[in-house]
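Visitor: Could you take me through one part of this protein in close detail? I would like to look at how its charged side chains pair up.

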Amino acid sequence: MEQMNKHAQALSALGAAKGGKARAAALTAEERSDIARMAAEKRWSGERDQSVALAMPRETHPGILRIGDRQIPCSVLDNGLRVLSAGGVSRALGSRKVGRNQPPGEQTEVLPQLPPFLAAKNLQPFIPGDLLALLISPVRYKPWRGGRVGYGYEATLLPRICGVILDAHKAGALRSNQLRLVEIAELLLRGFAHVGIIALVDEATGYQAERAKDELMRILEAYISKALLPWTQRFPDDFFKEIYRLHGWQFREGHTRGPRIVGKLIRQLVYDQLPRGVIQELEVRNPQLPSGWRRHKHHQFLTEDIGHPHLNNQVASVMTLMRASTSKHEFMKLFARAFPKPGQGEQLELPESEEEVS
């Protein structure tokens, strides 16, 4: 029930946003600036404290939110917060500029820190003070792949941002070159309402868990064959030659039992790139024997119409990257860039030795 209330509150923000003009009208420009400044200073001063900086939330589940023809990178953080990429929100609202947010001590004015899609002076009177504070001090988090700090807005703010635009339009405050914002805001709000009501019904009925289970079953039915297929060569000799070249090993024609690492590579580079759940099902159906080998090849359990074409395409893609690489480490970087995956680091971590299978 508590989780249901959270979703309901998020949806209610759609209606609450409509009162933005009235709430903002009760505050002077100076009062709104003071509210925003205090909130921003509190957040930035906390992050300057070492203990808080070390506790900066980390992205655990990145993704893309698709609404109509708009795509916004989104994330779930390890503290459970759902955020939308600050740059992604700007682009979704038609802004070419992403904007920069710096601690208040580095700038003399607060209002210029507003994101570009709400920075116009004729929009600022319609921004409630609490929303203003959150917009000028976005959430900072560590991306799951490392690198520079990420900036995002709490996902529940986007309906309120759309509400500001629609309030300004209703009051006749928009200029002709801003009317495109109204179309975008209405598109996003319709998308939120559609997705939100489906999520609420799924959660209220308990179908949410069943839906995930059904989706996995559909994937497995599409990829896993009901009968064991005859063996055919799915990994050409050139695939193994390139692996051996990059590792500096001697390739021996007809030598079928190569280093132990080759099997690990095939899983990481090929089978792990199939839809989630497929490799796990293959390992259940084709378990490892006490000798360390398997009775069959994994690809003998894949379907001919979907499983094998995906496998073949992945093998071809990996071979292309290997041929373009002059070293193992160069290949690992290219592969991580071509096939990014949550939970995977900047590059693959592989053993250095040519340990033979016993």
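Guide:
**A network of charged side chains**

Salt bridges link Arg-267, Asp-272, Glu-283 and Arg-294 into a network. Please keep in mind as we look that this is a predicted model.

Arg-267 and Asp-272 form a salt bridge, with their closest N and O atoms 3.1 Å apart. Are these two partners buried or exposed? Arg-267 has a relative accessible area of 28%, so it counts as partly exposed. Asp-272 has a relative accessible area of 19%, and because the cut-off for buried is under 20%, Asp-272 is buried.

Now to helix H12, which spans residues 278–285. Within this helix, Glu-281 and Arg-285 sit four residues apart, about one turn. Their salt bridge brings the closest N and O atoms to 3.0 Å. Glu-281 is partly exposed at 22% relative accessibility, and Arg-285 is partly exposed as well, at 39%.

For another pair within a helix, turn to H8, residues 179–205. Here Arg-180 and Glu-183 are three residues apart, again about one turn of the helix, and the closest N and O atoms of their salt bridge are 2.6 Å apart. Both partners are partly exposed: Arg-180 has 45% relative accessibility and Glu-183 has 47%.

Across the whole structure, a search finds eight salt bridges. As for confidence, the protein averages a pLDDT of 76, and 69% of the residues score at least 70.

How values were computed: Residues numbered from 1 in each chain as written. Predicted model: local features only at pLDDT ≥ 70, side-chain atom pairs only at ≥ 80, totals over all residues. Heavy atoms only, no water. pLDDT = per-residue confidence, 0-100. Salt bridge = Lys/Arg side-chain N within 4 Å of Asp/Glu carboxyl O. Helix = DSSP H or I, 4+ residues; strand = E, 2+ residues; numbered from the N terminus. Buried < 20%, exposed > 50% of the residue type's maximum accessible area, 1.4 Å probe, protein only.
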